[in-house]
Amino acid sequence: MNGLIAFFDILGYQSFLENNNSATETAEKVLKIITDTPKQVRSEVLNSILARFAGLPGIPIKEVESSLNHLVFSDTIVLSIEYPENASAGWIKTALNYFVAVSAKLYLEMFKEGLPMRGVIAEGEFLVKQQCFAGRPIIDSYKLCGQLDFSGIVFHPKINKRLHEIYAGWPIDLFFFEY
């Protein structure tokens, strides 16, 4: 399947757990934040988009939202959206906009809880089977994420061509730099 992947690493997770007096209480609180936040974020972003664009025809936001998957393990969160076969440019643009909004909101909420993250958004062929993700974009995201020396979210360079197609005529190069 083809689609979008975001790989997030929670920075300082081990230190956060180690530097709290009650390891069990802290671990329970952190695990609740990590496991509940992606679900909460999905709902908030969907409601916000629906409220803003409810009257506009042709925006497949509910279809896009239903294709979003997330997986949480240890200090890692992986999000994905699978493109349908023969997805239109409009569907892909909606998916990318929604995916970026969910990623940004997830980043914000985790940061508010004292859990900054670094993350990479990539596009390509991958597989999702239950709790397993496999594919080149996951490897690319993981590798680039490990190289980031800051808390934030970046696009993998391989998605640059897609962004230029979707946002033709926009000065998007202003937002890109080689890392």
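The side chain of Arg118 gets to the backbone oxygen of Cys145 at 3.2 Å, a polar contact (N or O atoms within 3.5 Å, one able to donate a hydrogen and the other to accept it; residues adjacent in sequence count only if both atoms are side-chain atoms). This is a predicted model: local features need pLDDT of at least 70, side-chain atom pairs count only at pLDDT 80 or more, and totals for chains, interfaces and linings use all residues. Numbering runs from 1 along each chain as its sequence is written, and side-chain values use heavy atoms, with hydrogens and water left out.

Arg118 sits in strand E4 and is buried, with a relative accessible area of 17% (buried is under 20%, 1.4 Å probe, protein chains only). Helices (H or I, at least four residues) and strands (E, at least two) are DSSP runs, numbered from the N terminus.

Now for H5. Pro137, Ile138, Asp140, Ser141, Leu144 and Cys145 are its buried residues. They share one side of H5, because they cover an arc of only 160° around the axis, taken from the directions from the axis to the C-beta atoms. They pack against the strands below, with contact meaning heavy atoms within 4.5 Å.

| Strand | Residues |
|---|---|
| E1 | 2–10 |
| E4 | 117–129 |
| E5 | 132–135 |
| E6 | 152–155 |

Of its 37 residues, Ile77, Leu79, Tyr98 and Met110 touch the most other members. H4 gives the most to this core, with ten residues.

Methods:
Buried means under 20% relative accessible area, exposed over 50%, partly exposed in between (1.4 Å probe, protein chains only). A nonpolar core is a set of buried Ala, Val, Leu, Ile, Met, Phe, Trp, Tyr and Cys residues joined through side-chain atoms within 4.5 Å.
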